[in-house]
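Trainee: Could you walk me through this model before I start my notes? I'd like to go from the whole chain down to single residues.

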Amino acid sequence: MDRLVTTIQTCCDIVDSELERDLHYTENNYQNALLHTLRNKFPSNYILGREVPLVYKLSDGFIFGAGRIDILVETPEFVLILELKANVDCKYLKKFSSQTLRYVKHYNTDKPKRGMCIIFGSCSPILKLLP
C-alpha cells in the first residue's frame, strides 16, 4: 500500500504542476488529468475506473441510494477509492472523508479496500488516506 500511495502522491504532484492553480480548473479536469497520469505510472494489471457507479444497500438488500466513485484503483491485492475535490476549503476535509468512507463501505468486493481524499486547488495537493 505504501508504494501505491507514493505513486499517487507523485501523480498528484505532476497534475498540480501541469494545471496552474490560479486558473481554477474543475474537479472533472483534475480527475481526467490524474487518471491519465495514473495510467502512465501503474502496472498494466491495475484496473482503473472513472465515475464508477455504486449503490447503497441495507443489510436486506434494499437499495436506498447511490453514488459515484471518482477514481477506482483495483490492484491484484486490494482496492483503493479516490475522492477528488477541487478549489474547496480544506476545513471541509472531514465531510469529504465521510463521503469517501461511505463509498468504501458500499463498494462490493472481496478484496481489502480503503479510501483516499485528494484536494487540488489553492495549495499543493492534500492527500488523506482513510481506514
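This is a predicted model: local features need pLDDT of at least 70, side-chain atom pairs count only at pLDDT 80 or more; totals for chains, interfaces and linings use all residues.

Trainee: What share of the residues is buried?

Mentor: Buried residues account for 43% of the 131 residues in the chain. As for the surface, the protein chain exposes about 7400 Å², and carbon and sulfur atoms supply 51% of that area.

Trainee: Switching to charges, how far apart are the mean positions of the positive and negative ones?

Mentor: There are 17 positive and 15 negative charges in the protein chain, and their mean positions lie 6 Å apart.

Trainee: Now the helices, please. Which residues of H3 are buried?

Mentor: Helix H3 covers residues 93–106, and its 14 residues reach 20 Å from the first C-alpha to the last, close to the 20 Å expected at 1.5 Å a residue. Its buried residues are Leu-93, Phe-96, Ser-97, Gln-99, Thr-100, Tyr-103, Val-104 and His-106.

Trainee: What covers those buried residues of H3?

Mentor: The cover includes strands E1 (47–57), E2 (63–74), E3 (79–86), E4 (113–120) and E5 (126–130).

Trainee: And H2, what do its buried residues pack against?

Mentor: Helix H2, residues 27–41, has 15 residues and reaches 21 Å between its first and last C-alpha, close to the 21 Å expected at 1.5 Å a residue. Tyr-30, Gln-31, Ala-33, Leu-34, Leu-35, Thr-37 and Leu-38 are the buried residues of H2, and these pack against helix H1 (2–18) as well as E1, E2, E3 and E4.

Trainee: Let's look at single residues. Is Thr-75 buried or exposed?

Mentor: Thr-75 sits in the loop between E2 and E3, and it counts as buried because its relative accessibility is 1%, where buried means under 20%. Leaving out residues up to four places away in sequence, Thr-75 touches Leu-4, Tyr-46 and Lys-111.

Trainee: Where is Leu-23, then?

Mentor: Leu-23 is in the loop between H1 and H2, and with a relative accessibility of 47% it counts as partly exposed. Its C-alpha atom is separated by 9.1 Å from that of Gly-121, although Leu-23 and Gly-121 are 98 residues apart along the chain.

Trainee: Last one: which residues does Glu-51 touch?

Mentor: Glu-51, which lies in strand E1, touches Gln-31, Arg-68, Ile-69 and Asp-70, again not counting residues up to four places away in sequence. Gln-31 is one of the buried residues of H2. Glu-51 itself is partly exposed, at 24% relative accessible area, and its C-alpha atom is 6.3 Å from that of Ile-71, 20 residues apart along the chain.

Methods. Residues are numbered from 1 along each chain as its sequence is written. Side-chain values use heavy atoms; hydrogens and water are left out. Buried means under 20% relative accessible area, exposed over 50%, partly exposed in between (1.4 Å probe, protein chains only). Accessible areas come from the Shrake-Rupley method with a 1.4 Å probe; for residues, only the protein chains shown count as cover. Lys and Arg count as positive and Asp and Glu as negative; His and the chain ends are not counted. The place of a charge is taken as NZ of Lys, CZ of Arg, CG of Asp or CD of Glu. Helices (H or I, at least four residues) and strands (E, at least two) are DSSP runs, numbered from the N terminus. The expected span of a helix is 1.5 Å times one less than its number of residues. Contact means heavy atoms within 4.5 Å.
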